[in-house]
Amino acid sequence: MRSLEVALRRVSVVAVAFSLLVLAALVANAIHARSSDPNPPTRIEKLVTRLNVDRRDTALMEQIRREDEWLRREYARGQRFAATGFVLLIGGVVLFVLSYKGAQRLRPSAPLPDPAAPKNAALGLLNAQQGVLTLGLSLAGLLAVVATLSRHDAISAYVENEHMPVGAAHPPEEKGPALAVLAPPAGAQNAPPSLAAPSAPPPLEGSLPAASEGTELVPMPVSPPPPVVAADPPKKVETSKPEPAAHWSMFRGPAASGIARGNAATEWNAPSGKGVLWKADVPLPGFGSPVVWDKKVFLSGATATARQVFAFDADSGKALWSTTVPMLPKSAPMKESNGSGFAPATAAADAGHVVAVFVNGDVACLDHAGKLLWSLALGALENPYGQASSPVLWKGKLILQVDQNAEGKSALYALDVKTGKQVWAVGRPVQASWSTPLPIEVDGKPIIVTCANSLAIAHDAASGKEIWRADGLYGEVAPSPTVGNGIVYAAQMGAGLFALGAGDGKLLWTTSEVNLPDIGSPVYADGRVFFCGPDGTLSAVSAQDGKLLWEHKFEKSSRSSPVLIGSRLYLTTNEGVTHVCEPGDAYREIARNVLGEPVGATPAAAGGRLYLRGDKSLFCLGEK
C-alpha cells in the first residue's frame, strides 16, 4: 500500500506540472490572440479593391483566397487551442485531485518516521496548498480561455462576417451581372422599354380596404445605363426639406443623412438615473431606431410569432398603443438570418402615417392612433439577412429598396403612402443589399440615391428613371449613403469610400486606406466624413480628397451609425456606451455615457432630447 501511495503522490505532482504547462500555453495563446497583427483584414480589403478594378485578374483572386483562408485558419486555430487547452487543463486538475485524494486515503493513520522527508518538500507544499492550487489553476485557465474567445478586433469582425469578400469570391463576368430583363406581356412588345410592363412576379398579398384582392408590386424591366453626357456642376444640392426640430421621421433623421438641427443631451448615466427623463419597456425586440413625430415616439418589434408597432408619449414615456401586424396569406415565413433579428429596419413617419417593414418583407402602414391602414407582402426574399433596408417617406411617397440575389428581382418601389398602391417601380441590376435610400434635391429636382452590390444609382423621384450610376460597391452593402456640399459619399468595407457628384455620379475620389464600415453609415460635417469600422474604430477623412485626418479605437464594436446633432458627433457602441465628440480635425471626446443595456440601433434626436433604444428598453435623455 505504501508503494501505491507514493505512486499516486507522484502522479499528482506530474498532473500539477502538466496543468501548469497547459496554463502557460493558454496564456501565451491569449496574449498572441489579443496582440495579433490587425492588418490582415485591411490588407485583404486593399486586394479586393484592386480586384474590383480588374475582376478578371485570376492571380489576384487566388491571392485573396489564400489570404482569406490563412486568416480564418489562424483565427480558428487560436479558438480551438483555447477550447482544447481548457479541457486538458481541467483534465489535469481532475487527475491531480483524484490522485492526491487517493494518496491521502492510503496514508497510514499513525505518523511514521520518514528518512526521505527532506526530499519530499514539494509534496509537503502540495499537500498544504492543494485546494488553493486547484482553484487557482482552474480560474487562471478559464480567464485565459475567455480572453481568447471573447476577442473582438478587426480579425474577429472579419472572420465572424462569415463570407469571403464578394468581389473576390464571386467576380462578375466581363459583361457584368447577368440579371435577366423581364419580358413585356403580349401586346406590349412595341412599347418603349421604360413603359413596357414585365411579366408579373408572384402577386403580393395585401390587406387594403379599397383593394381586397391585394396589392401587386410589379417591378419594371431593368433599364440600360443612362447615356454619359457632360453635366454642369449642380448649383444647389439639398437633402429633403428640413422638418421641425421636433421630428426625427426615419432612419438617420428627417433627411436620412444622420444630421439633426438643434442640440441634445451630452451627458447621462442611465444606471444611476442621471440625465434620464424616462425609461420605458419595449414589448418586442428589434434593431430599428426610434422615430419621432411631434409628441409621439414610434418603434417596431417582432419575434418569430409576433409583430407589433408601438407608440410612446414623448414627454412621459407612457405606452400609448401597440398594434399587432398579422401575417398575410402570401407572407414569407419570419426567419432570423445571421443575427438580423425579426425587425431590423427602422420605421418611418409623416404627419399622418407610420410605416414598418419586417425581416420577411411584410410592410404595414398605420395612422398615429395605431389603426392599421394597409399592409402588403413582398414575398419570399432571396438574400441572407432579409429585408433590413429601412423605408423612406418623402413627398407623399413610400420608397422601398428591395435588392435580392435572385436574377431580375431587385427593384426600387414608390408607393402612395395613403393607399399602398404602386406609383412606380424600376428593376435594378444589382445583387442583395441592405442600404437605405437617400432622398436629396439637385437644382430643385428630387432624386433618390441608392447603394447596392455593385452600383450606386440615382433615380428620379417622380418616375424612378435612372439618372446616373457608379460602379465599385462590392460586398454585403449595408451602409447608406450620405451627402454634403454637393457630393454623395458611399462606403463599404472591402470596396472603398467613394465621393460622387450628386448631379452626375462622377467619381471625384476614392480611398480604401481607412477602416471602412460594414453596417453603420457615414455622416458629413463641416468638410469631413465620419464613419465607424466593424472593430469600433471611428475615422474622420477630408471630404475634399479622402485623406485620413484621424481615427480613434473604442473598446467595443458598433453597429450603430454616427449622427451629428448640432455641433456634436454621437456614436453608440454595442455595449451601450455613447461617445460624444467634436467633429474636428482631431479626436476630442466631450463625454462618455453609459446606458446599461446593449444597443444595436442608431440614436434619434428631436425637441432637444435624445432617444436611444436598448436591448429591452427605450430611453429618453435630456436635462430635467
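Within the largest nonpolar core, which holds 49 residues, Val-363, Leu-398, Leu-400, Ile-440 and Val-449 touch the most other members. A nonpolar core is a set of buried Ala, Val, Leu, Ile, Met, Phe, Trp, Tyr and Cys residues joined through side-chain atoms within 4.5 Å. Strand β14 (residues 411-416) gives the most to this core, five residues. A second, separate core has 34 residues, among them Trp-278, Val-292, Val-297 and Phe-312.

The model is predicted: local features need pLDDT of at least 70, side-chain atom pairs count only at pLDDT 80 or more, and totals for chains, interfaces and linings use all residues. Residues are numbered from 1 along each chain as its sequence is written, and side-chain values use heavy atoms, without hydrogens and water.

Beyond four places in sequence, Val-363 touches residues including Trp-374, Leu-376, Leu-398 and Leu-400. Contact means heavy atoms within 4.5 Å.

Ile-90 belongs to helix α3 (residues 58-106). Helices (H or I, at least four residues) and strands (E, at least two) are DSSP runs, numbered from the N terminus. Ile-90 counts as partly exposed because its relative accessibility is 30%. Buried means under 20% relative accessible area, exposed over 50%, and partly exposed in between (1.4 Å probe, protein chains only).

Lys-547 sits in the loop between β26 (537-542) and β27 (548-553). Its relative accessible area is 56%, so Lys-547 is exposed. Apart from neighbours within four places in sequence, Lys-547 contacts Ala-540, Val-541 and Ser-542. Thr-511 is 36 residues from Lys-547 in sequence, with 8.0 Å between their C-alpha atoms.
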